[in-house]
Amino acid sequence: MRLSSSFRTGWVTKGVEFLTGFALPNFFFHATTAYAILRQAGVSLGKPDFLQHLGPPNLEV
């Protein structure tokens, strides 16, 4: 994959390398930073806010 010259001139990498080395770390950095800013501002966020799509917990063994 060739990126635009405004990013890094002549930088060529495979898609998997780009995803694991740049895109995912960049996404998680921004998601974590947004979470921290919201928590500092007093927004009540917790694990249930991120896991609602899984439904209620099943505590039966």
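Here is a short report on the helices, aromatic pairs and surface of this predicted model.

A few ground rules before the details. Because the model is predicted, local features need pLDDT of at least 70 and side-chain atom pairs count only at pLDDT 80 or more, while totals for chains, interfaces and linings use all residues. Residues are numbered from 1 along each chain as its sequence is written, and side-chain values use heavy atoms, with hydrogens and water left out.

**Overall picture**

The protein chain has 2 helices and 0 strands; helices (H or I, at least four residues) and strands (E, at least two) are DSSP runs, numbered from the N terminus. Of its 61 residues, 8% are buried. Buried here is under 20% relative accessible area, exposed is over 50%, and partly exposed is in between (1.4 Å probe, protein chains only). The chain exposes about 5600 Å², and 64% of that comes from carbon and sulfur atoms. Those areas come from the Shrake-Rupley method with a 1.4 Å probe; for residues, only the protein chains shown count as cover.

**Helix α1**

Helix α1 covers residues 15-40. Its 26 residues reach 36 Å from first C-alpha to last, close to the 38 Å expected at 1.5 Å a residue; the expected span is 1.5 Å times one less than the number of residues. There is a kink of about 30° at Ala 23, shortly before the proline Pro 25. That bend is the angle between axes fitted to the seven residues ending there and the seven starting there. After α1 comes Gly 42, with a positive phi near 100°.

**Aromatic pairs**

Rings of Phe, Tyr and Trp (its six-membered ring) pair if their centres lie within 6.5 Å; planes under 30 degrees apart are stacked, over 60 edge-to-face, and the rest tilted. The count comes to 2 aromatic pairs.

| Pair | Centres | Planes | Class |
|---|---|---|---|
| Phe 18 and Phe 22 | 5.4 Å | 35° | tilted |
| Phe 27 and Phe 28 | 5.2 Å | 70° | edge-to-face |

Phe 18 and Phe 22 are 4 residues apart in α1, so about one helical turn separates them. Phe 22 is partly exposed because its relative accessibility is 31%. Phe 27 is exposed at 52%, whereas Phe 28 is partly exposed at 47%.

**Nonpolar patch**

Which residues form a nonpolar patch on the surface? Leu 19, Leu 24, Phe 27 and Phe 28 do, with about 400 Å² of accessible area together. Patch members have over 30% relative accessible area and no salt bridge, with nonpolar side chains (Val, Leu, Ile, Met, Phe, Trp, Tyr) joined within 5 Å and like charges within 9 Å. A salt bridge is a side-chain nitrogen of Lys or Arg within 4 Å of a carboxyl oxygen of Asp or Glu.
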